[in-house]
Amino acid sequence: FSQPWEGKTVAVLDGDTIEVLKEGKAIRIRLAGIDCPEKQQDFGQAAKRFCSALTFGKTVKVISTGIDRYGRTIADVYVDEVWVNKKLVEEGLAWHYKKYSSSEELAEAETKARDEKIGLWKRKTEKRIAPWDFRKTEK
């Protein structure tokens, strides 16, 4: 899609959306292939804090896969060798967003987190609402 680029993370809006400086302009990045709980959901704030701790103020590598309907850059984001998207799934702070991603790595990371009951997977099934379902009830 486009050449990978690097920039400093200047904002973390939630678990799966950050802003990275590119040529002096803040570019809104939506992490590809994952969906974190919304801020008002269980684990939503935890996902934001984790993403912040991992990326805020740091130089990240952005590998864009496209633009979403809100004009955000969809991308895989790396801090050093850490794939941020996958790390959030491994920590039980994001779902693999299967509707938009066929990544085997993300699917395996989610299965492992579920099996090991990490993060949001500790919750009883009926307490866990996928963010895409949660957003529908908010409208």
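Student: Which residues have the most contacts inside the largest nonpolar core?

Tutor: First, a word on the source: this is a predicted model, in which local features need pLDDT of at least 70 and side-chain atom pairs count only at pLDDT 80 or more, while totals for chains, interfaces and linings use all residues. Residues are numbered from 1 along each chain as its sequence is written, and side-chain values use heavy atoms, with hydrogens and water left out.

Tutor: In soluble globular proteins, nonpolar side chains tend to be buried together. A nonpolar core is a set of buried Ala, Val, Leu, Ile, Met, Phe, Trp, Tyr and Cys residues joined through side-chain atoms within 4.5 Å; buried means under 20% relative accessible area, exposed over 50%, and partly exposed in between (1.4 Å probe, protein chains only). Here the largest core has 25 residues, and I29, I34 and L88 have the most contacts inside it. Among the elements that each supply at least two of its residues are β1 (5-14), β3 (25-31), β5 (59-67) and α3 (104-115). Helices (H or I, at least four residues) and strands (E, at least two) are DSSP runs, numbered from the N terminus. Another core, of five residues, lies apart from the largest one and includes L120 and W121.

Student: With which residues is I29 in contact, leaving aside its neighbours within four places in sequence?

Tutor: Contact means heavy atoms within 4.5 Å. On that basis, the partners of I29 include W5, I18, V62 and V77.

Student: How do β5 and β6 pair?

Tutor: Two strands pair if DSSP finds at least two bridges between them. β5 and β6 are antiparallel and share six bridges; one of the pairs is K61 with Y78 in β6. Their hairpin has five residues between the strands, and G71 there takes a positive phi near 85 degrees. β1 also runs antiparallel to β5, with four bridges, and G7 stands opposite V60.

Student: What does the side chain of D68 contact in the polar sense?

Tutor: A polar contact is a pair of N or O atoms within 3.5 Å; within protein, one must be able to donate a hydrogen and the other to accept it, and residues adjacent in sequence count only if both atoms are side-chain atoms. D68, in the loop between β5 and β6, makes such a contact with the side chain of R72 at 2.6 Å. D68 is buried, at 16% relative accessible area.
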